[in-house]
Amino acid sequence: MSRRPDGALERDIMEVLWDANSPMTPAEVSERLDVDLAYTTVMTVLGRLHDKGRAVREQRGRAFAYSAAVSESE
């Protein structure tokens with residue numbers, strides 16, 4: 001199993017958020033990724049992106065829905 005370069009998963013998830021028309025739950029983000037990741041992995045990365053100010057979240061039922069807080073050029 002090869003290891004991803006540092007920041008590659010965050011970048012992949014941000015690309016999904018940039019392409020989205022509306023906020024997405026971790027499950028929706030996971031569906032759009034090219035790799036098979038555990039729901040908890042995607043949820044953890046989205047939480048970290050939120051903590052870094054790169055994603056914003058809103059409550060959607062029992063989960064959060066995320067969208068990009070910065071543009072792709074930033």
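**Entry 1: charges.** I began by counting charged side chains: the protein chain has 10 positive and 13 negative ones, and the centres of the two sets lie 6 Å apart. A reminder to myself: this is a predicted model.

**Entry 2: the overall layout.** Next I looked up the elements and found three helices and two strands. Reading from the N terminus, I noted the order α-α-α-β-β. The radius of gyration came out at 12 Å, close to the 11 Å that the globule rule gives for 74 residues, so the chain is as compact as a globular protein of that length. I also checked the box that the C-alpha atoms fill, and along the principal axes it is roughly 35 × 30 × 20 Å.

**Entry 3: surface and contacts.** How much of the chain counts as buried? I found 32% of the 74 residues. The chain exposes about 5,100 Å², and carbon and sulfur atoms supply 45% of that area. Then I turned to contacts between residues at least 6 apart in sequence: 47% of them join residues at least 24 apart.

**Entry 4: the core.** I wrote down a general idea before looking: in soluble globular proteins, nonpolar side chains tend to be buried together. Here the largest nonpolar core has 15 residues. Those with the most contacts inside it are Ile13, Leu17, Val29, Leu33, Val42, Leu46 and Leu49. Helices α1 (8-19) and α3 (39-51) each supply at least two residues of this core, and α1 gives the most, with five. Beyond its neighbours within four places in sequence, Leu17 is in contact with Val29, Leu46, Ala55, Tyr66, Ser67 and Ala68.

**Entry 5: Thr25.** I found Thr25 in the loop between α1 and α2 (26-32). Is Thr25 buried or exposed? Its relative accessibility is 13%, so Thr25 counts as buried; the cut-off for buried is under 20%. Setting aside neighbours within four places in sequence, I saw Thr25 in contact with Arg60, Phe64 and Ala65.

Entry 6: Glu58 has its place in β1 (residues 55-60), and Ala65 has its place in β2 (residues 63-68). Glu58 has a relative accessible area of 41%, so I listed Glu58 as partly exposed. Ala65, at 1% relative accessibility, counts as buried.

What does Glu58 touch, not counting residues up to four places away in sequence? I noted Pro23, Ala63, Phe64 and Ala65. For Ala65, leaving aside neighbours within four places, the contacts are Pro23, Met24, Thr25, Val56, Arg57, Glu58 and Arg60.

I also took two C-alpha distances. Glu58 and Asp19 are 39 residues apart in sequence and 18 Å apart in space. Ala65 and Val45 are 20 residues apart in sequence and 13 Å apart in space.

**Entry 7: Ser30.** My last stop was Ser30, which lies in helix α2. With 18% relative accessibility, Ser30 counts as buried. Apart from neighbours within four places in sequence, Ser30 is in contact with Leu37 and Val42. Val42 was already in my notes, as one of the residues with the most contacts inside the largest nonpolar core. Finally I checked Ser30 against Ser71: these residues are 41 apart along the chain, and 21 Å separates their C-alpha atoms.

Definitions and conventions. Residues are numbered from 1 along each chain as its sequence is written. This is a predicted model: local features need pLDDT of at least 70, side-chain atom pairs count only at pLDDT 80 or more; totals for chains, interfaces and linings use all residues. Side-chain values use heavy atoms; hydrogens and water are left out. Helices (H or I, at least four residues) and strands (E, at least two) are DSSP runs, numbered from the N terminus. The radius of gyration is taken over C-alpha atoms; the globule rule is 2.2 Å times the number of residues to the power 0.38. Buried means under 20% relative accessible area, exposed over 50%, partly exposed in between (1.4 Å probe, protein chains only). Contact means heavy atoms within 4.5 Å. Accessible areas come from the Shrake-Rupley method with a 1.4 Å probe; for residues, only the protein chains shown count as cover. Lys and Arg count as positive and Asp and Glu as negative; His and the chain ends are not counted. The place of a charge is taken as NZ of Lys, CZ of Arg, CG of Asp or CD of Glu. A nonpolar core is a set of buried Ala, Val, Leu, Ile, Met, Phe, Trp, Tyr and Cys residues joined through side-chain atoms within 4.5 Å.
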